[in-house]
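Hello,

Here is the structure I said I would pass on. My notes follow below it.

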Amino acid sequence: MHIRGDHARLVVGGRLDVVSAADARAALHTAVDSGRGDLVLDLTELDSWDATGLGVIMGAHRRAGRANRRLVLRGVPPQMQRLLVATRLHRILAIEAER
């Protein structure tokens with residue numbers, strides 16, 4: 001897993017899973033805590049996520065809300081989009097529409 005970016009936009013790539021969760025959580029928390037406005041999480045390079053990875057995303061969403069920010073998911077791969085719909089998390093998370 002790799003994460004690059006700043007407090008306004010992060011690109012997440014590779015696998016977001018139990019192995020990478022701690023590093024991802026730390027990077028997301030730092031980005032949320034050090035910025036203002038929307039935090040865009042670009043997932044176009046993400047290969048997969050497991051339940052732990054999804055939990056990291058939800059935790060960042062909650063933390064952003066407490067900081068009066070909004071976590072926006074961009075470029076959600078189709079398979080992951082289907083999981084968000086199946087779990088109804090697409091109703092909670094801000095997901096940028098495909099262009």
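Two helices side by side

Helices H1 and H2 are roughly parallel to each other (angles under 35 degrees count as roughly parallel). This is a predicted model, in which local features need pLDDT of at least 70, side-chain atom pairs count only at pLDDT 80 or more, and totals for chains, interfaces and linings use all residues. Residues are numbered from 1 along each chain as its sequence is written, and side-chain values use heavy atoms, without hydrogens and water.

Helices (H or I, at least four residues) and strands (E, at least two) are DSSP runs, numbered from the N terminus. The axes of H1 and H2 (residues 51-66) come within 10 Å and cross at roughly 15°; axes are lines fitted to C-alpha atoms, for helices over the stretch in contact, with angles from 0 to 180 degrees between N-to-C directions.

Residues of H1 that meet H2 include Ala 21, Leu 28 and Val 32, and the H2 residues they face include Val 56 and Ala 60. Contact means heavy atoms within 4.5 Å.

The buried residues of H2 include Leu 54, Ile 57 and Met 58 (buried means under 20% relative accessible area, exposed over 50%, partly exposed in between, with a 1.4 Å probe and protein chains only). The buried residues of H2 pack against E2, H1, strand E3 (39-49), strand E4 (71-74) and helix H3 (78-86).

Ser 20 lies in the loop between strand E2 (9-16) and helix H1 (21-33). Ser 20 counts as buried because its relative accessibility is 7%. Leaving out residues up to four places away in sequence, Ser 20 touches Met 1 and Arg 15.

Regards

Notes: Angles under 35 degrees count as roughly parallel, over 145 as roughly antiparallel, 65 to 115 as roughly perpendicular and the rest as oblique.
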